[in-house]
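Trainee: Could you walk me through this structure, one question at a time?
Mentor: Gladly; let us look at it together.
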Amino acid sequence: MKIGIIGTGYVGLVHGAVLSSYGFAVTCMDVDAEKIGRLSEGRSPLYEPGLDELLTGGIDAGTLSFTTSAEEAIQSSDVIFIAVGTPSREDGSADLSYVREATRQIGLYANGYKVVVCKSTMPVGTCRSIAGELNRSLEARHASFRIDVASNPEFLRQGKAVSDSLFPLRVVIGTESDEAKRMLQTIYEGHIRRKVPFLYTNPETAEMIKYASNAFLAVKISFVNELALLSEKVGANIEDIAFGMGLDDRISPHFLQAGPGYGGSCFPKDTQALVDVSRKHGEELYIVRAAIAANEKQKARMVAKISGALSPGGMLHGKTIAVWGLSFKPETDDIRNAPSYDIIDGLLAKGAAVNAYCPQGMKQAKRLWTDINGGINYCESEADSARNADAIVIVTEWEQFRACGWERIAASMRGGFLFDLRNMFAEQAGVRRLFDYYAVGSNEPAYTLEETL
Ligand code: UDX
């Protein structure tokens, strides 16, 4: 069976590389010629652990190829995954223009029976409308074959995309076509053998499972972030609260980590799109809306927390703040909807000078944050950014921050504040006692500088 993938973003590229490692002949198509050129040489446009090895492995084995030609990718494949972007529009709705274009091309170039699989996160109803559009195209061409459609959402997490793809927690297949179901079962035979749960349902349900999962996780994070705020006021500790809640397996300990708010290319976009779809159907999803609002508030709260501690009036003129971690989470260079953007923007608006450092995210930040880049001084390392600074703000929990040479860094600073927005060092007295330490969701007496002097 030959496989075509339209779109080489996170989902398409990782999925294509993983399927080629199973031995399928995979052709990945993208309109971006420069990207395809790089990929053909085995160079990944994104930082994702394990991906480079899969790419070179697939290219060397001859199972993975790249093209800018939709015609070639479509005609050479039995199964075509649509994995193009579905970005947010201004009003929160999903922009489906790339999906529509991919559908148009499949309708135009298909040269025999194909299974089209919706892999990107697409609003409920999209899969069925793609099927309708393809049928109309084939009718207009008087084609003698049909195209079946399935929804098979992807649940991978950035930073763990390869292992999530290789070892998924579940496979969801939404289709009314037995043939499409059979072909997807062949593709995912390895998962069936490993007894990964498979859920067969209709396309609408499959599409909703993806949105519902992301929205639920976003709700969980916003819930814990709101409790973190209350915990600071009442003298409770959110880390212990989350641990205590998580011991109940109806709640589970996952996604209860308080922080500066969720970011990334999925939660912000998918929660907005879900609200938008529900409105189009005359319904209000109050809980999801509240999670979105709480997340926006959380980022603003972080700025207020920092500025309130650093200056009684809240203004930060003359203060230099080192911001560590620009990517929306560790092990990725992706800065889309990263809380760091809002936090830096807020600090700059209050007059602070910002020194930024991130192990992977700086290249993208320099390229994309054109509106705030004038105020950011990008630094080479943790130590570089902290020199003569008044405060360090940890926005993303990169592991390497643990071993950055804290004593030396603290000694090189002008001020002594550490705002640990991921609670990385909440339990580490050794680091805490070097600073005026602020965590999220607990008000326990910090090891203040006075105490240690
Ligand atoms: C998410 C889903 O997890 C994945 O299943 C889906 O396919 C795509 O969206 P991803 O965006 O890669 O994946 O990252 P994830 O690890 O889920 O984190 C999203 C955001 O939530 C990050 O900003 C992260 O820092 C934040 N987060 C996560 C918290 O603030 N607290 C938590 O407890 C967990």
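What follows is a set of questions and answers about this predicted model.

Mentor: Residues are numbered from 1 along each chain as its sequence is written. Because the model is predicted, local features need pLDDT of at least 70, side-chain atom pairs count only at pLDDT 80 or more, and totals for chains, interfaces and linings use all residues.

Trainee: Into which domains is the protein divided?
Mentor: The bounds come from an automatic or database domain assignment. By that assignment the protein has two parts, domain 1 (2-201) and domain 2 (202-453).

Trainee: How many residues does each domain give to the contact?
Mentor: The C-alpha centres of domain 1 and domain 2 lie 33 Å apart. Two residues are in contact if their C-beta atoms, placed from the backbone, lie within 7 Å. Counted that way, the contact takes 30 residues from domain 1 and 26 residues from domain 2.

Trainee: Which elements each supply at least two residues of the side of domain 1 that touches domain 2?
Mentor: Helices (DSSP runs of H or I, at least four residues) and strands (runs of E, at least two) are numbered from the N terminus. On that side of domain 1, the elements are helix 6 (126-140), strand 6 (147-151) and strand 7 (171-174).

Trainee: How far apart are the farthest two C-alpha atoms of the UniProt "binding site" residues?
Mentor: The unreviewed UniProt entry places this feature at Lys-210, Phe-255, Leu-256, Gln-257, Ala-258, Gly-259, Gly-263 and Lys-329. They span 120 residues in sequence and do not all gather at one spot, because the farthest two C-alpha atoms are 23.6 Å apart. UniProt positions are given in the numbering used here, feature names are shortened, and annotations may be inferred rather than shown by experiment. The distance you asked for is 23.6 Å.

Trainee: Is Ala-258 buried or exposed?
Mentor: Ala-258 sits in the loop between helix 11 (238-246) and helix 12 (267-280). A residue is buried if 20 or more other C-beta atoms lie within 10 Å of its own, exposed if 12 or fewer, and partly exposed in between, with C-beta atoms placed from the backbone. Ala-258 has 26 such neighbours, so Ala-258 is buried.

Trainee: Which residues does Gly-263 touch, not counting residues up to four places away in sequence?
Mentor: Gly-263 also lies in the loop between helix 11 and helix 12. Gly-263 is buried, with 25 other C-beta atoms within 10 Å. The residues touched are Pro-268, Phe-328, Asn-337, Ala-338 and Pro-339.

Trainee: What is the phi of His-142?
Mentor: Most residues other than glycine have a negative phi. His-142 is in the loop between helix 6 and strand 6, and counts as exposed because it has 6 C-beta neighbours inside 10 Å. Its phi is positive, near 55°.

Trainee: How exposed is Asn-337?
Mentor: Asn-337 is found in the loop between strand 9 and helix 14, and has a positive phi of about 50° although it is not a glycine. With 19 other C-beta atoms within 10 Å, Asn-337 is partly exposed.
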